[in-house]
Amino acid sequence: MLAAARARADEVGVTPIAPGGGATLRFLAATLDARAIVEIGTGTGVSGVWLLRGMRADGVLTTVDIEAEHQRLARESYTEAGFPHQRIRTIAGAALEVLPRLTDGHYDLVFCDGDKAEYGAYLTEALRLLRPGGVVAFDNALWHDRVADPAQRDEETVTIRDLGKQVAERDDLVPVLLPVGDGLLAAKKVWSP
C-alpha cells in the first residue's frame with residue numbers, strides 16, 4: 001500500500017515522509033485517540049495513510065494541498081489502504097487560504113508538511129485549530145541537516161530554524177524535536193487555566 005503511494009510520489013516529484021516519521025505520526029494519532037486531524041501537504045497520501053492508521057475508527061482526516069492532482073493520487077492510496085472515503089476530506093487550495101475556514105479548537109493533531117517558508121504561519125493557524133492537549137507536528141525540522149548550520153541562510157532553512165526557536169520559547173507548548181527522517185518537530189498545546 002505505502003509502496004504504491006511512494007511510487008506515485010516519485011512519479012510526480014513529491015518527497016513523502018520517511019517511514020520513521022510516518023510511524024511517529026501513527027503513534028501520535030493513536031496516543032491522542034484522534035478523531036479529527038488536519039494535514040497540510042497531502043502529497044500522494046503516504047503521511048495520510050500513517051495518520052489514518054493511528055486514528056480512531058470514526059476519525060476524519062482533513063488534508064489540504066494546492067495540487068489537485070496530488071490529492072487525486074492520494075485518494076487512490078487511501079482506497080488501496082482500505083479507508084472509506086468518508087474518513088478523508090480533501091481540500092484543494094493554498095493552506096493559508098483554507099486553514100482560516102476550519103473550526104477553532106476542533107482538531108487533535110495538525111501535521112504540517114507544506115511550503116516550508118510558511119511554517120511560521122502554519123504554527124499560528126495550528127494553535128487556533130488545536131484543542132487543548134492537541135499536538136502540532138512539522139516534518140523536515142532538520143531540513144537536510146541545514147538547520148543546525150548557522151552558515152545556511154536560505155529562506156526555508158531560516159524559517160524552519162526560527163520556527164524551532166519560536167516553539168521552544170512558548171509557554172503554552174511542550175515541544176520535542178525527534179531525529180526521525182528529516183526531523184519531526186512536535187509540540188503539545190497545554191491546557192489553558
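1. Which element gives the largest share of the lining of the second largest pocket? In this predicted model, that share comes from helix H2 (residues 19–31), which supplies 4 residues.

2. The second largest pocket holds about 190 Å³ of space, and among the 13 residues that line it, Leu28, Val135, Val176, Ala186 and Lys188 lie nearest its centre. Besides H2, the elements that give two or more residues to this lining are E5, E6 and E7. By class, the lining has 9 nonpolar, 3 polar and 1 charged residues.

3. Strand E7 (residues 184–189) deserves a separate comment, since 5 of its 6 residues are buried. Strand E5 (residues 130–139) pairs with E7 in the antiparallel sense over 5 bridges, and here Asp139 has Leu184 of E7 as its bridge partner. Strand E6 (residues 173–178) also pairs with E7 in the antiparallel sense, over 6 bridges, with Leu177 partnered by Leu185 of E7.

4. The hairpin of E6 and E7 has 5 residues between the strands, and in this hairpin Gly181 takes a positive phi near 55°.

5. The largest pocket has a volume of about 630 Å³. Of its 35 lining residues, Gly41, Asp113, Gly114, Asp115 and Lys116 are the closest to its centre, while the elements that contribute two or more residues are helix H3 (46–54), strand E2 (60–65) and helix H5 (95–98). H5 gives the most to this lining, with 3 residues, and the lining as a whole divides into 14 nonpolar, 12 polar and 9 charged residues.

How values were computed:
Residues numbered from 1 in each chain as written. Predicted model: local features only at pLDDT ≥ 70, side-chain atom pairs only at ≥ 80, totals over all residues. Heavy atoms only, no water. Buried < 20%, exposed > 50% of the residue type's maximum accessible area, 1.4 Å probe, protein only. Pairing = 2+ DSSP bridges. 1 Å grid on protein atoms, 1.4 Å probe; cavity = no way out; pocket = protein on both sides within 12 Å on 5 of 7 lines; lining within 4 Å. Points joined across faces, edges and corners; volume = space filled by probe spheres on them. Nonpolar A, V, L, I, M, F, W, Y, C, P; charged D, E, K, R; others polar.
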